[in-house]
Amino acid sequence: MAKLLLIQAHPKTNQFSYSLEVAKHFMNTYQQEHPTDTITVRDVFTDEVPPINDLTLDAWLKVKKADTHTLSSEQQHLIDKHDTWLEEFINHDKYVFVNPMYNHFIPAEMKQYIDLVSVARKTFKYTENGLVGLLKGKKSLHIQAAGGYYQPDIKVDLGSQYLNDTMLRFGVTPIESIYIEGMSETPEKATDILNAAISKATTLAATF
């Protein structure tokens, strides 16, 4: 039995969402094909990702110096929340990231989440031979929608490049992707683009 973590970064407006629609089909098929797996959903727009700010940095410094007795109640709550989210990420086997492209990048809320789980000696470590990922044996999928065409030019799609590099840094492979692109640039093809992405999602879900 495996554990899948869905990290969703979408504002859920009243408008139709291509990324959420494809993710829905993926998850429906995944549940059918992997009935004993457990699924956790993190909506980084509504779940209030713990911030990394001056309060956080001061708290981490106190923890590093074994000076935890000086932590304020607010700092202790923040540290506990950080630890909970980080351990949740580490304790899952599969990751599915779902987002629209924002200005050639992932939404700020997803970037904040990545910062939260990018922790030395937890998801990666430094060695004399370079950086080593600590999450080997896990896999990830990135579902992203964009109105224009960007793939496979990673110099334009900075968000997917960043997310892929992060997964590699953690030792997570394979890295799968479903890019839903061109609906605004070629609206007459929007239905075909969506259907092709759904077909890929349902096929991938069976073996993911």
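Colleague: Where does I52 sit?
Modeller: In this predicted model, I52 is in the loop between β2 (38–43) and α2 (54–64).

Colleague: And how does I52 count by accessibility, buried, partly exposed or exposed?
Modeller: Partly exposed, because its relative accessibility is 37%.

Colleague: Which residues form a nonpolar patch with I52 on the surface?
Modeller: L57 and W60 do. Together with I52 they have about 270 Å² of accessible area.

Colleague: Switching to the sheet, what's the strand order?
Modeller: The order is β2-β1-β3-β6-β7, in an open sheet of five strands with parallel pairing. The edges are β2 and β7 (175–181), each of which pairs on one side only. On average, neighbouring strands are turned by 15° against each other, direction ignored.

Colleague: How many bridges join β1 to β2?
Modeller: Six, with strand β1 covering residues 3–8 and running parallel to β2. As one example, K3 has T38 in β2 as its bridge partner.

Colleague: Which strands does helix α4 touch?
Modeller: Helix α4 (residues 108–117) packs on the sheet and touches β1 and β3 (94–100). The direction of α4 makes about 155° with that of β3.

Colleague: New topic: I193. Which helix is that in, α6 or another?
Modeller: I193 lies in α6, which spans residues 190–205.

Colleague: Why does I193 count as buried?
Modeller: Because its relative accessibility is 16%, and the cut-off for buried is under 20%.

Colleague: What does I193 touch, leaving out residues up to four places away in sequence?
Modeller: Its contacts are Y149, I180, E181, G182, M183 and T186.

Colleague: And how far is the C-alpha of I193 from that of Y18?
Modeller: 9.7 Å, with the two residues 175 apart along the chain.

Terms used: Residues are numbered from 1 along each chain as its sequence is written. This is a predicted model: local features need pLDDT of at least 70, side-chain atom pairs count only at pLDDT 80 or more; totals for chains, interfaces and linings use all residues. Side-chain values use heavy atoms; hydrogens and water are left out. Patches are made of residues with over 30% relative accessible area and no salt bridge: like charges are joined within 9 Å, nonpolar side chains (Val, Leu, Ile, Met, Phe, Trp, Tyr) within 5 Å. Accessible areas come from the Shrake-Rupley method with a 1.4 Å probe; for residues, only the protein chains shown count as cover. A salt bridge is a side-chain nitrogen of Lys or Arg within 4 Å of a carboxyl oxygen of Asp or Glu. Helices (H or I, at least four residues) and strands (E, at least two) are DSSP runs, numbered from the N terminus. Buried means under 20% relative accessible area, exposed over 50%, partly exposed in between (1.4 Å probe, protein chains only). Contact means heavy atoms within 4.5 Å. Two strands pair if DSSP finds at least two bridges between them. Axes are lines fitted to C-alpha atoms, for helices over the stretch in contact, and angles run from 0 to 180 degrees between N-to-C directions.
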